[in-house]
Amino acid sequence: MKTMIVDALILGAGPAGLAAASALGRARRHVLIIADSEYRNRASHAMHGVLACEGMNPIDFLTRSQQQLTALYPSIRLESDTVQRAARIGTPESPAFEIETATGAVYQGRRLILATGAIDELPTEIAGFATCWPDHLPPLSTYHVHLALRARCFNDRVIVYTDGLLYTEVQRCEAEKLFAPALAQGVTLQHTPISRLEPLPVEKGPGVHVYLEGGKSERVDFLVYKTLTRPASAHLATQLGLQISEIPGQGSVIACKEPTGATSVPGLFVCGDAGSPIKGVAPAMAQGLCVADVVWGGLLEEDKS
Ligand SMILES: Cc1cc2nc3c(=O)[nH]c(=O)nc-3n(C[C@H](O)[C@H](O)[C@H](O)COP(=O)(O)OP(=O)(O)OC[C@H]3O[C@@H](n4cnc5c(N)ncnc54)[C@H](O)[C@@H]3O)c2cc1C
């Protein structure tokens, strides 16, 4: 069993963790990143919304970023492992943390940054869903009504599948009130549950055949899924004494303050999808940078005293 003490332990090597590491590495702080390869967008083939990297494969983006950081900053080390246990071992004035990995390695750090991302909760009861995800069925986190209105900008025919979740007439009336702005724009609601999804052959585009209970089916040119997400490392957050906050219609996040990522535990920070309802590569990087700045400032303060 080996023990190593660093300035900051960063769990996760996605955009959030790597951005935090980059700022701390530039400040010549000793950083250890521990991560497995469960990036949220690992099944996607093209990344959007990141300037100069439009359409880039997300894994190529992360691999290149990791290589660049470890080559440029000798104080950054990256270990491939899964963290299973995390504990507080310091005091509020001089915080410290200890983690243990699946391979039995133990590490200690003066600060701990959870950049462990989120997990999408996908329905298991719809046949074909897994085959369509995510190339034929990308995730979107916008609220349903806004999503329907946005989709209407691209297509005349927009259908919202409620998947039979609105069982009663009252619930359906409520939904119709909620969706009124979208219905006024020609959007329709389909309450019959989906029984099966079948992707069109790749050469025919991203379309999907939607089969409804009762036998009716229709072809749609583009289908998106409103995901609920939960923190990938909820167990570690709980071991460290952090709360998990529910966000109606979105899932849950590890409770922290934005934009500093500070938590109720001194020295413990959260960034990226793990702690924010605003989920995306660029927001995760921005949050990682903010956290690193606060961590660096805190270390300087502590070293003075
Ligand atoms: C299908 C799909 C497509 C997407 N496309 C886009 C897009 O085009 N543009 C965009 O901006 N956003 C996109 N997103 C969202 C984007 O993937 C996330 O917002 C972004 O990856 C968040 O970065 P992160 O660093 O917080 O988490 P992640 O990238 O998920 O990284 C989490 C890291 O933590 C590690 N980890 C977790 N638990 C542990 C543990 N216990 N021990 C060790 N390591 C651990 C993981 O292995 C990984 O290294 C997409 C999401 C999905 C699902």
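The shell around the ligand takes at least three residues from domain 1 (3–120 + 228–304) and at least three from domain 2 (123–226). Keep in mind that this is a predicted model.

I'll stay with the ligand for a moment. There are 39 residues around it, and the nearest of them are Gly12, Gly14, Asn41, Gly117 and Gly272. By class, the shell holds 19 nonpolar residues, 14 polar ones and six charged ones. Which helices and strands each supply at least two residues of that shell? Those are α1 (15–26), β2 (31–35) and α8 (281–304).

Now the protein as a whole. The chain is built with eight helices and 18 strands. The C-alpha trace spans about 70 × 40 × 35 Å along its principal axes. There are 305 residues in the protein, and 32% of them count as buried. If you take the contacts between residues at least 6 apart in sequence, 60% join residues at least 24 apart.

Next, the two domains. The domain assignment gives domain 1 as two stretches, 3–120 and 228–304, and domain 2 as 123–226. Their C-alpha centres lie 34 Å apart. How many residues of each domain are in contact with the other? On the domain 1 side seven residues are in contact, and on the domain 2 side six. The domain 1 side of that contact consists of one nonpolar residue, four polar residues and two charged residues.

How values were computed:
Residues are numbered from 1 along each chain as its sequence is written. This is a predicted model: local features need pLDDT of at least 70, side-chain atom pairs count only at pLDDT 80 or more; totals for chains, interfaces and linings use all residues. A residue is near a molecule or strand if its C-beta atom, placed from the backbone, lies within 6 Å of it. Helices (H or I, at least four residues) and strands (E, at least two) are DSSP runs, numbered from the N terminus. Ala, Val, Leu, Ile, Met, Phe, Trp, Tyr, Cys and Pro count as nonpolar, Asp, Glu, Lys and Arg as charged, and the others, Gly among them, as polar. Domain bounds come from an automatic or database domain assignment. A residue is buried if 20 or more other C-beta atoms lie within 10 Å of its own, exposed if 12 or fewer, and partly exposed in between; C-beta atoms are placed from the backbone. Two residues are in contact if their C-beta atoms, placed from the backbone, lie within 7 Å.
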